[in-house]
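Please read it with the coordinates open.

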Amino acid sequence: MRMPTRRQEDFYVYWSKTGFAKHRRRECMALAGYSPKVAPSSVEKSKALRDMIEHALARYHLTPDRICRKLSEKLDCVNPTTGLPDNGAQLRAVELTCKLGDYFPSQKIDISKRDEAIMVDIQTVRLAEQISGEKIIDAEIVGKEKDETTSARSADPL
């Protein structure tokens, strides 16, 4: 295991106190003594820092299996006071699961600048309009029968 430098350790301690906020990396680097010319990604992704994190996880028995088991429990957790599903805890567990599984796209896509047709059945269009209480999709019937398939474009892009 490669040992982190004193600056790397200091950076990690400062950054952990911010909750690993990406927008505060440079501030933490400056506090640790790094030059403003050093890229945050080079410090954040250093092998020594990764080794230090893995060592800390092992020391506290935070294995991938144990973490996944706990997340699995939280996905179905119930509020002890009400006996109802704890939606807040469940949503946080879903978000963490998605982050761990790398389910979020690494690059944000602006869908408002896209002009693509999508194919949906007419029941889906009707259901969406019924739920929203307004006409949200301009639909053009494509199939032989009205209930076959509908080509739709969003009338109000996000």
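**Notes on the pocket and its surroundings**

1. Of the residues that line the largest pocket, 12 are nonpolar, three are polar and six are charged, where Ala, Val, Leu, Ile, Met, Phe, Trp, Tyr, Cys and Pro count as nonpolar, Asp, Glu, Lys and Arg as charged, and the others, Gly among them, as polar. This is a predicted model, in which local features need pLDDT of at least 70 and side-chain atom pairs count only at pLDDT 80 or more, while totals for chains, interfaces and linings use all residues. Residues are numbered from 1 along each chain as its sequence is written, and side-chain values use heavy atoms, with hydrogens and water left out.

2. The largest pocket holds about 1100 Å³ of space, and among its 21 lining residues F20, R50, I53, K99 and L100 lie nearest the centre. Two or more lining residues come from each of α1, α4, α5 and α6 (87-100), with α4 giving the largest share, five residues. A pocket here is an open set of points on a 1 Å grid over the protein atoms alone, where a 1.4 Å probe fits, with protein on both sides within 12 Å along at least five of seven lines, and lining residues have an atom within 4 Å of a point. Helices are DSSP runs (H or I, at least four residues), numbered from the N terminus.

3. I53 belongs to helix α4 and is partly exposed at 22% relative accessible area; buried means under 20%, exposed over 50%, and partly exposed in between (1.4 Å probe, protein chains only). Its C-alpha is 9.2 Å from that of Y12, although I53 and Y12 are 41 residues apart in sequence.

4. Most residues other than glycine have a negative phi.

5. Which residues make the nonpolar surface patch of about 390 Å²? They are Y60, L62, I67 and L100, with patch members needing over 30% relative accessible area and no salt bridge, and nonpolar side chains being joined within 5 Å. A salt bridge is a side-chain nitrogen of Lys or Arg within 4 Å of a carboxyl oxygen of Asp or Glu. Y60 sits in the loop between α4 (47-59) and α5 (64-75), and is exposed at 53% relative accessible area.

Conventions: Patch = residues over 30% accessible without salt bridge, like charges linked within 9 Å, V, L, I, M, F, W, Y side chains within 5 Å. Areas by Shrake-Rupley, 256 points an atom, 1.4 Å probe, with all protein chains shown as cover. Points joined across faces, edges and corners; volume = space filled by probe spheres on them.
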